[in-house]
Amino acid sequence: IFDQSVSFNIYRKRVKPHMGFVQYLLAGIALCYKNRYDFIFVGSFSSVLFVAKCLKSIFRIPLVLLYHGFDLERQLQDNSPRAIKGLQYCDLLITNSHFNFKRYSNLYPSSTQTKILNPGVDTNYFMPGDNLIEDLDWIKLPSKHRQVILSVGRLVKKKNHDLVLRCLPAVLKRFPELLFVIVGDGPQFHYLQELTFRLNLEKNL
């Protein structure tokens with residue numbers, strides 16, 4: 001649907017999972033010979049970026065990378081020199097937050113064009129319904145909770161929700177009325193639920 005709504009052509013090529021570097025490269029070369037592309041867009045920092053780098057060199061096509069932070073961080077933790085070289089080959093870098101820009105901007109030449117593109121929300125789809133008051137009933141907080149910590153995001157390990165939970169018993173000694181509200185879902189849902197019971201935090205979560 002999105003592809004049909006824009007004024008430019010988008011070419012999507014589905015490749016088989018677990019393809020090796022050479023297979024990716026050969027598939028990319030075949031596509032670039034068959035079609036004319038204005039730029040190559042890579043949606044995350046992964047091995048595909050290095051295939052795109054080769055295609056850029058062969059066909060002189062600008063290379064655009066969107067990085068989210070966690071994908072690049074894994075490479076840096078492994079002290080991979082390819083990570084920095086991969087960034088330096090990009091003509092345009094797009095990241096999703098000012099935090100990522102400040103954290104990683106020293107890894108590529110200052111002349112590299114960079115854009116910050118915050119995740120958007122389709123307000124035509126995500127909007128209050130006619131029953132707004134009823135929809136919000138479930139988040140009405142008991143008056144006894146004067147301090148509230150709100151976390152909105154996927155329940156995944158890198159978000160460190162469990163770290164906050166483990167800190168709460170010490171925090172509650174000073175702020176016994178504190179409430180920790182988590183809005184989200186994900187693979188750590190049951191783990192966090194079990195941890196909540198184990199730490200006796202049911203009344204504060």
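1. Which residues of strand 2 lie on one side and which on the other, and are they buried or exposed? Leu63, Leu65 and Tyr67 lie on one side and Val64 and Leu66 on the other, and all are buried, where buried means under 20% relative accessible area, exposed over 50% and partly exposed in between, with a 1.4 Å probe and protein chains only. In a regular strand the side chains alternate between the two faces of the sheet.

2. A word on the basis of these remarks: this is a predicted model, in which local features need pLDDT of at least 70 and side-chain atom pairs count only at pLDDT 80 or more, while totals for chains, interfaces and linings use all residues. Residues are numbered from 1 along each chain as its sequence is written, and side-chain values use heavy atoms, with hydrogens and water left out.

3. Strand 2 covers residues 63-67; helices (H or I, at least four residues) and strands (E, at least two) are DSSP runs numbered from the N terminus. Strand 2 runs parallel to strand 1 (residues 40-42), to which 3 bridges join it, and two strands count as paired if DSSP finds at least two bridges between them. Ile40 has Leu63 as its bridge partner, and Phe41 stands opposite Val64. Towards strand 3 (residues 92-95) there are 4 bridges, again in parallel, with Ile94 as the partner of Leu66.

4. The open sheet has 4 strands in the order 1-2-3-4, with parallel pairing. Strand 1 and strand 4 (113-116) stand at the edges with a single partner strand each, so one side of each is left without a neighbour in the sheet. From one strand to the next the twist averages 20°, with axes taken as lines fitted to C-alpha atoms (for helices over the stretch in contact) and angles running from 0 to 180 degrees between N-to-C directions.

5. Leaving aside neighbours within four places in sequence, Leu65 is in contact (heavy atoms within 4.5 Å) with residues including Val42, Phe45, Leu49, Leu87 and Ile94.
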